[in-house]
Amino acid sequence: MNLLHICKAFATEDAALDYLIKQRWPDGVRCLACDNAKVYKIATKGKSGKPCRLFECADCGLHFSATTGTLFHDSHLPLQKWFMAMALMGEAKKGISANQVARHIGVQYKTAWYLCHRIRKAMQDMNPTPIGGAGKVVEIDETYLGGRKLRKGVKAHLQTIPNTQAAVIRPILEQKLSPDTKTIITDSHPTYSWLLDSEKHQVTNHKEELRTDGEISTKTIEGAFSLFKRGVIGSYHHLSKDHVDSYLTEFCWRFNRRGMQPVMFGEMLRELVTKKPMTYRHLTREVF
Ligand SMILES: [Zn+2]
């Protein structure tokens, strides 16, 4: 969904809330405490005097809203603004800065920054299936940021690593790489020869590629990694070390869903309403 779709589909806060409720409870609202399916709707007024739709459990009497206990929890922003920010982040191939989001949806920078981080949180842990598989080729590489890229048209996984020792690389390969992958291409770093099955493992030589193509890995760098780098330079300018992995996650989420725009929005929203709240103070490490 692009911004125009969002504005049309969710012209009112009620329409946005109805959609959110359907994503959270596709089979009907259930009590958050006792899972009872019989709940009453209550129309009340929030602290600011704005109309507020609550539910009351017919059994235990719990009052809750559609956003209670989710990443939307305690947000004073209209849902339309949330939805716009989600659409912007889902569409921005090279990423979008909190500053740009702030300007697009008309909020303060700090609000947009917190909003973007919660949306990014929704994108986490959403790539559980291993990379590669029968007959597939996987390419692994690192750069100064610490990461890995894969051939165009396949899935990508990017993460920071403290170093390239076997103890660091092994658990990532075990978790992320499908064991029946046909071919695994890496650079000549000895760790890979040590860890990978020699029958599947192929080593590329960056220097040779540099001579023939004029640029290292021009064919594959089209993929996730170069996009991320352009995102860093073009959109984020600089990244806080604390948050690099969450930006990488956002990037892979989008990269792995290219061409899937129609379903991206709903998927993102379902994660937002099923994940636990994340406070601003927690995010900025003021408390632990
Ligand atoms: Zn209940």
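The model is a predicted one. Its largest nonpolar core has 50 residues, and a search of the whole structure finds seven salt bridges. A positive surface patch is formed by K93, K94, R230 and R258.

**Nonpolar core**

- Within the largest nonpolar core, which has 50 residues, those with the most contacts inside it are F55, F72, W82, F83, M86, I105 and I119.
- At least two residues of this core come from each of helix 2 (13-24), strand 2 (51-57), helix 3, helix 4, helix 5 (109-122) and helix 11 (261-274).
- Helix 3 gives the most to this core, its contribution being nine residues.

**Salt bridges**

- Side chains of opposite charge can pair when their charged atoms come close, and the search of the whole structure finds seven salt bridges here.
- In helix 10 (residues 244-255), R254 and E250 lie four residues apart, about one turn of the helix, and their side chains meet in a salt bridge with an N to O distance of 2.8 Å.
- Both partners of that pair are covered: R254 is buried with a relative accessible area of 5%, and E250 is buried with a relative accessible area of 0%.
- E267 and R257 form a salt bridge in which the closest N and O atoms are 3.1 Å apart; because E267 lies in helix 11 and R257 in the loop between helix 10 and helix 11, the pair ties together parts that are 10 residues apart in sequence.
- R257 counts as buried because its relative accessibility of 5% falls under the 20% cut-off for that class.
- E271 and K275 form a further salt bridge, with the closest N and O atoms 2.9 Å apart; E271 is partly exposed, with a relative accessible area of 22%, whereas K275 is buried, with a relative accessible area of 12%.

**Positive surface patch**

- The residues K93, K94, R230 and R258 together form a positive surface patch.
- One of them, K93, is found in the loop between helix 3 (79-91) and helix 4 (98-105), and K93 counts as exposed because its relative accessibility is 61%, over the 50% cut-off.

**Pairs separated in sequence**

- F265 lies in helix 11 and is buried, with a relative accessible area of 4%; F265 and I6 are 259 residues apart in sequence, and their C-alpha atoms are 9.9 Å apart in space.
- P130 lies in the loop between helix 5 and strand 4 (137-139), and at 39% relative accessibility P130 counts as partly exposed.
- Although P130 and S178 are 48 residues apart along the chain, their C-alpha atoms are separated by 5.0 Å.
- E13 is found in helix 2 and is partly exposed, with a relative accessible area of 33%; E13 and Q80 are 67 residues apart in sequence and 6.6 Å apart in space, C-alpha to C-alpha.

Notes. Residues are numbered from 1 along each chain as its sequence is written. This is a predicted model: local features need pLDDT of at least 70, side-chain atom pairs count only at pLDDT 80 or more; totals for chains, interfaces and linings use all residues. Side-chain values use heavy atoms; hydrogens and water are left out. Patches are made of residues with over 30% relative accessible area and no salt bridge: like charges are joined within 9 Å, nonpolar side chains (Val, Leu, Ile, Met, Phe, Trp, Tyr) within 5 Å. Accessible areas come from the Shrake-Rupley method with a 1.4 Å probe; for residues, only the protein chains shown count as cover. A salt bridge is a side-chain nitrogen of Lys or Arg within 4 Å of a carboxyl oxygen of Asp or Glu. Lys and Arg count as positive and Asp and Glu as negative; His and the chain ends are not counted. The place of a charge is taken as NZ of Lys, CZ of Arg, CG of Asp or CD of Glu. Buried means under 20% relative accessible area, exposed over 50%, partly exposed in between (1.4 Å probe, protein chains only). A nonpolar core is a set of buried Ala, Val, Leu, Ile, Met, Phe, Trp, Tyr and Cys residues joined through side-chain atoms within 4.5 Å.
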